[in-house]
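Me: Hi! Could you walk me through this protein model in plain words?

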Amino acid sequence: MTASMKPMPNTPAPDRPEAVRTATPPTTPPARTPQAAHEPAAEPAAGATVPRPAAGEPQAGSDLHTPVIAWFEQHARDLPWRDPDAGAWAVMVSEFMLQQTPVNRVLPVYEQWMARWPRPADLAAEAPGEAVRAWGRLGYPRRALRLHGAAVAIAERHGGDVPAEHAQLLALPGIGEYTAAAVASFAYGQRHAVLDTNVRRVLARAVSGVQYPPNATTAAERRLARELLPERDETAARWAAASMELGALVCTARNESCARCPLASRCAWKVAGKPPHSGPARRGQSYAGTDRQVRGKLLAVLREAVAPVPQAVLDREWDDAVQRARALDGLVADGLVEPLPDGLYRLPHS
């Protein structure tokens, strides 16, 4: 997708799972103001020697901010939630949808969602089952219920406007540490460490000199991310968006494009010869034959139905009766399916 940068206005108009995120949604922060003393230093002249830290030794954030932000200004994708007129609700919806789901799958669902529910109150006024239905095949449909719950809370507690304060965002149902920081940063241009898998991978390689971050986010990673934050709010927001985009497009989990990376000359992992991963085995994701697949098949039937569905109809979707029953029980326990008398099932109405 061809990128075209659009500046975010200077005033304001659930935790992310650890699976590799294939695309990032940050709203473009405000245009940069003239550089202050604590801002990133200018890029060295061509051919100048750039100090290279030893692998595992943190380097000054100012060595990272300027080249990554400059790269972002040229290469960031043009995505609807980055439009300066999109608003905080658009950012929040995109953040929920992009958890473990690539941007090309998110875009059509996002566009339909925002056309139907342009404000949190519009979604809050409908049954949670409608959110599950509109979620389609994005996967992990509990995200739809959490987003609906957050919309209800926004309508009830905040007059229908997504709150700007980080603490208020964190208090919303279904909003965790990552999502609160992402919305505050990308929608409102605030200074927060926005640490998804893409950012973690960029910091692991460029700063810590290792191929991959740990399987789960550590306190040391959070501390490093905070230490590397630019001091100015708008620059910190731009750094968060830029480092995330770099991890999504260039510093990818596999087949990284070091030749296109603005940090290639100072990346601790590349300077060390790109040593292979030596930590615990990285988690893979399977789908075929799993309970997740069965749940998806059962939920697809209910999404398409205009009336409650008999048990016998669901039974035709999977041969293994034990696995099918387990998957259906899990959907009911998660609030994604509502059982009715006489062996009927439907999407949740309340």
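Me: What kind of model is it, and how are the residues numbered?
Reply: The model is predicted, so local features need pLDDT of at least 70 and side-chain atom pairs count only at pLDDT 80 or more, while totals for chains, interfaces and linings use all residues. Residues are numbered from 1 along each chain as its sequence is written, and side-chain values use heavy atoms, with hydrogens and water left out.

Me: Great. Which residues have the most contacts inside the largest nonpolar core?
Reply: Trp 89, Met 92 and Trp 113 do, in a core of 88 residues. Such a core is a set of buried Ala, Val, Leu, Ile, Met, Phe, Trp, Tyr and Cys residues joined through side-chain atoms within 4.5 Å. Buried means under 20% relative accessible area, exposed over 50%, and partly exposed in between, with a 1.4 Å probe and protein chains only.

Me: And which helix gives the most to this core?
Reply: That is helix H8 (residues 177–188), with 9 residues. Helices here are DSSP runs of H or I with at least four residues, strands are runs of E with at least two, and both are numbered from the N terminus.

Me: How many residues of H8 are buried?
Reply: 11 of its 12 are buried, so H8 is largely enclosed by the rest of the structure. Among them are Tyr 178, Phe 186 and Tyr 188. The buried residues of H8 pack against H2, helix H7 (166–170) and H11, where contact means heavy atoms within 4.5 Å.

Me: What follows H8?
Reply: Gly 189, which has a positive phi near 65°.

Me: Back to Trp 89. What does it touch?
Reply: Leaving out residues up to four places away in sequence, Trp 89 touches several residues, including Trp 113, Met 114, Pro 120 and Leu 147. Trp 113 and Met 114 are among the buried residues of H3. The cover over the buried residues of H3 includes helix H2 (88–97), helix H4 (120–124), helix H5 (128–135) and helix H6 (142–157).

Me: What span should H3 have?
Reply: For its 14 residues (103–116), 20 Å at 1.5 Å a residue, and its end C-alpha atoms are 20 Å apart, which agrees. The expected span is 1.5 Å times one less than the number of residues.

Me: New topic: which residues are closest to the centre of the largest cavity?
Reply: The cavity has a volume of about 110 Å³. Of its 15 lining residues, Arg 205, Cys 251, Cys 258, Cys 261 and Cys 267 are closest to the centre. H9 supplies the largest share of the lining, 3 residues. A cavity is a set of points on a 1 Å grid over the protein atoms alone where a 1.4 Å probe fits but cannot get out, and lining residues have an atom within 4 Å of a point. Points are joined across faces, edges and corners, and the volume is the space filled by probe spheres set on them.

Me: In what order do the strands sit in the sheet?
Reply: E1-E3-E2, in an open sheet of 3 strands with antiparallel pairing. Strand E1 (309–310) and strand E2 (338–340) are at the edges with a single partner strand each, so one side of each has no neighbour in the sheet. Strands pair if DSSP finds at least two bridges between them.

Me: Where does Asp 342 lie?
Reply: In the loop between E2 and E3. Asp 342 has a positive phi of about 65° although it is not a glycine, and it counts as exposed at 75% relative accessibility.

Definitions and conventions
On a 1 Å grid over the protein atoms alone, a cavity is a set of points where a 1.4 Å probe fits but cannot get out, and a pocket is an open set with protein on both sides within 12 Å along at least five of seven lines; lining residues have an atom within 4 Å of a point.
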